[in-house]
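The structure is shown first, and the description follows.

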There are 2 protein chains.
Amino acid sequence: MAVETSQQEKILDAAYHCIAKQGYAHVTLRQIAKEAGVAVSQISYHYQNKEGLLLAVVTRAANKYQEYLQDYLKPDMTPKEKGDTLIRLYQQLLEEDVELFRVLYDLVGLSLWSEPFRLEVKEVFEGITEQITTEVFTDELMGELGYVYSSKTLASVFFGGLFGIAIQALLEQENEDIIKSLSALVVIFNK
Amino acid sequence: MAVETSQQEKILDAAYHCIAKQGYAHVTLRQIAKEAGVAVSQISYHYQNKEGLLLAVVTRAANKYQEYLQDYLKPDMTPKEKGDTLIRLYQQLLEEDVELFRVLYDLVGLSLWSEPFRLEVKEVFEGITEQITTEVFTDELMGELGYVYSSKTLASVFFGGLFGIAIQALLEQENEDIIKSLSALVVIFNK
DNA sequence: CTTTCAATCGGACGACCGTTCGAATCTGTG
DNA sequence: CACAGATTCGAACGGTCGTCCGATTGAAAG
């Protein structure tokens, strides 16, 4: 009982997985079309051109990230619990869905050289830090910790730590130690 | 009084700057050759092929990074001073030599898809965290802080924070706030 | 001066890229 | 059924890529 999936969706799926396998730089439209089981010209038809398709992949990756967040972060959690949960989410993703990280890193890299992508990715990142700012580093927690830094600053540091450590994990074959070291990020809200 | 520069060196310089401008994915050997003022075939002659040239660029970027470290980190500094200095170094690089960051990020991205590059970049990263481990999170400082985490773990977190925040700064046009937020990383060794 | 070998060059080759286009097919409406 | 518009396809196009090769130059050794 195959779910009816539009050809447009199949192409997007295929593009996502091809990028996860080879990176945007080495992916060709022919590979994507082959993986999706459609003609190459269908990509142009549905997404204008290669850039249009890749931009759609950015949105898809961002959505997937958001879905994970909604699954993990529950409204009734305390700020510290949310911080802990974010750390655990990254640890789990690094073990079970490393594809997502590779795609994210790759698309951030693409955004360094292409303005349309930069704007899109920048917005995604700002959304993430915004969420961390308001949900983790709340006024209440900030008062408790007594930092001289703003909640926005701490959110950037926290997210930067998550991302930076994740990159180190991506580079290692045996990355269990590095994945565990993500836990040490709690030092930020356990002053 | 032009310094005598070998053609091999000129090619490497050109490759570095071309990557800083466009990323490895969009750089062609013809552009590099033109920028270096040599024939395209010279690249194959001196570096076998494109991969060989890019691997040499990795080494070059790593060396440049090491030079910065040697300029900034003095042996008579205390561990905390070295940590502070690292933060200041990153802040200064983000303002004055953003090229280096772009090249580093790009080559790390390349290493996600190519095993030879992964091994090379992995070694560079391990060297960095190793240095932070032994020079910043010394036994003395670790005793003073009383963390439950190992010095290696804290070094990974610290470096991850530096790198992750730097990436956020790369994505922003107006990145002064994010560059400043690097300073907040001192919370790790100001328990 | 001749020989030798490394360095350098320009051109050419085959492969592959993203895109385009006309024809064929499907789908739903009158 | 007939027709129109949206989909889908395969083939082809122009362009660019990395690589390779023969010829030329330069410098050092005999």
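## Residues near DNA strand D

In this predicted model, the surface near DNA strand D is made up of seven polar, six nonpolar and two charged residues.

Two side chains of chain A approach phosphate oxygens of DNA strand D: a polar atom of A:Gln42 at 3.0 Å, and an N or O atom of A:Tyr45 at 2.9 Å. From chain B, an N or O atom in the side chain of B:Arg30 lies 2.6 Å from a base nitrogen of DNA strand D.

Two elements each give two or more residues to this surface, namely helix H3 (41–47) of chain A and helix H2 (29–36) of chain B. The largest share, four residues, comes from H3(A).

## The interface of chains A and B

Chain A and chain B each contribute 47 residues to their contact. About 3,900 Å² is buried between the two chains, and carbon and sulfur atoms give 68% of that area. Nine residue pairs are in polar contact across the interface, whereas the number of salt bridges found there is zero.

On the side of chain B that touches chain A, at least two residues come from each of helices H1 (7–22), H6 (98–111), H7 (115–135) and H9 (151–171). H9(B) supplies the largest share, 13 residues. By class, this side of chain B holds 24 nonpolar, 15 polar and eight charged residues.

Terms used. Residues numbered from 1 in each chain as written. Chains lettered and ligands numbered in written order. Predicted model: local features only at pLDDT ≥ 70, side-chain atom pairs only at ≥ 80, totals over all residues. Heavy atoms only, no water. Polar contact = N/O pair within 3.5 Å; in protein donor to acceptor, adjacent residues only side chain to side chain. Nonpolar A, V, L, I, M, F, W, Y, C, P; charged D, E, K, R; others polar. Contact = heavy atoms within 4.5 Å. Buried area = accessible area lost by both parts, 1.4 Å probe. Salt bridge = Lys/Arg side-chain N within 4 Å of Asp/Glu carboxyl O.
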